[in-house]
Amino acid sequence: MKSKYIIYTGLALMGMGTMVSCKKSFLELNPKGQFLESNYYSTPDEAFAAVIAAYDPLVTETGGIDNTYSNPLGALNSASDDCYAGGGSSSDMPTWQAINNYTLTPALGPHNEFWAINFQGVNRTDVLLENLPKVPGLSADLLKRYTSEGKFLRAHYYFDLVRLFKNVPLILNTLNLTNVYDQPQATPEAVYAQIEADLKDAISGLPATVPATQGGRVTQGAAKALLGKVYLYEKKWADAAAMLKDVNTNYGYSLLPNYGDIFSPKNKFNSESIFELVHSGSQSYTWDNWNQFKSNVYTQMIGPRSYTGPVYFSGGYGFNPVTTQLATALKGDPRYGYTVVNIDSLTKATNTSYSPSYQNTGYFIQKYAPVLANKVTTGTTELNWPNDYIEIRLADTYLMEAEADLNGGGDVSRAQTLLDAVRSRVGLPSKPATLQNIYDERRLELATEGHRWFDLVRWGQAPSVLAFKGFKAGVNEILPIPLNETLNGTKLKQNPGY
């Protein structure tokens, strides 16, 4: 599919691309150059490096079709009613601006990153799964585990693709220059069926737990949690409730007593974390390391601009200011101070200052903020924040299970217990377990964590809730197929309305 498609989702056609080796922890990566696929997969160590390469797109923060900055939280928060795009001006990070005000076109928007990076992940897992059985000396146990990780990862990449674009090619084998243009879009039902199949295949080959030194690697609990979430999106309510109940009761996860501790980079892989995307602050990145960043640059992006006080790094970029709607909804909630910081009030109280960003509200994201206490001492500060992103955590799976129970006519008392647990952890009283109360709780519990836009779309609430941003019903529930992917003889058809 055009040259860009070949470059980003067909790396194996010319070679394995950039492979990696382990350093300090599982996903702290060092580039090791390029290897021809025909010469690779010759030892168990090379197989393990290929597994890590298959994980790598999960934490890719640059790249895509336009090789721009690409952390998905920025785009997803911009699209929601949690945040605006912000930044230095209306032309700063134009991809985020386009999804913030729903002026997306096939040529402009974050779909250029979402598409290319996720298909890069698909390609790497396809290559991995094809080659693992051929690796000399790879034990049966490792073959089973690596294969299970590959299937989880392919399911993960496709789950993002089908939620974001709906109409995507289903590619389960590596492509070559003769068939790369001939890939049709599959039905969403076929993609979801493959996601389910991959996750079911993966579960038995994954460990129940991993040591901290392997933090970020997939476990049985993570695979079951993702499968339960997939069922939820398919409205297979009973299947979702059963799978999520298994996760919530049988794997030893527990809610942390202090809500704020969930997000501290000093508390990685905590008891609430089910699937965590690892970011390193110890690799001394500079601007010369573009396309290599494994730190959390999003932390830098959301910091207040030119802040002069003692709490935050002074050089933030001012993206994703929190909407007054979210700040108002959280007022009086114990999670407020761990989710949102009112920089206007802080600077007035401490006789300090900051420069308002575009679309400034005075409210900023606290969960991933560039707190000075987390600043590392090596490399370029902006590029070395250590904050992880917990993509699936226990409060999320509690609320998904409760939602599935209520939608499917399941155990209402169980749904009540789960909702009460999320609220009592932060000292809030019980509320009736209704769907709307669960929707409201998801917003407050998971605010700015990248779930809100997907939730609004799947609940059918996006057209009304996001009308103030220009959301168009029947169009903006999915993103456009990137322009380059529909040109030059490919079989891809543009999504309706674009």
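The legends below describe close-up views of a predicted model. Residues are numbered from 1 along each chain as its sequence is written, and side-chain values use heavy atoms, with hydrogens and water left out. Because the model is predicted, local features need pLDDT of at least 70 and side-chain atom pairs count only at pLDDT 80 or more, whereas totals for chains, interfaces and linings use all residues.

**View 1. The largest cavity and its lining.** Rolling a probe the size of a water molecule over the atoms shows where empty space is left. A cavity is a set of points, on a 1 Å grid over the protein atoms alone, where a 1.4 Å probe fits but cannot get out; lining residues have an atom within 4 Å of a point. Grid points are joined across faces, edges and corners, and a volume is the space filled by probe spheres set on the points. The structure holds six cavities of 30 Å³ or more, and the largest has a volume of about 410 Å³. Its lining comprises 27 residues, with P72, F114, H156, D160 and E391 lying nearest the centre. Two or more lining residues come from each of α3 (72-79), α5 (111-131), α6 (140-165), α8 (220-233) and β8 (389-393). Helices (H or I, at least four residues) and strands (E, at least two) are DSSP runs, numbered from the N terminus. Helix α6 gives the most, with six residues. By class, the lining has 15 nonpolar residues (Ala, Val, Leu, Ile, Met, Phe, Trp, Tyr, Cys and Pro), six charged (Asp, Glu, Lys and Arg) and six polar (the others, Gly among them).

**View 2. R154 in helix α6.** R154 has a relative accessible area of 7% and is therefore buried (under 20%; exposed is over 50%, partly exposed in between, with a 1.4 Å probe and protein chains only). Leaving aside neighbours within four places in sequence, R154 is in contact (heavy atoms within 4.5 Å) with T125, D126, L129, L172, Q194 and D198.

**View 3. L206 in the loop between α7 (188-203) and α8.** L206 is buried, because its relative accessible area is 4%. Beyond its neighbours within four places in sequence, L206 is in contact with R145, S148, E149, V218, T219, Q220 and A223. The C-alpha atoms of L206 and G221 are separated by 8.9 Å, the two residues being 15 residues apart along the chain.

**View 4. R414 in helix α15 (residues 412-425).** R414 counts as buried because its relative accessibility is 17%. Apart from neighbours within four places in sequence, the contacts of R414 are K245, N248, T249, E401 and D405.

Conventions: 1 Å grid on protein atoms, 1.4 Å probe; cavity = no way out; pocket = protein on both sides within 12 Å on 5 of 7 lines; lining within 4 Å.
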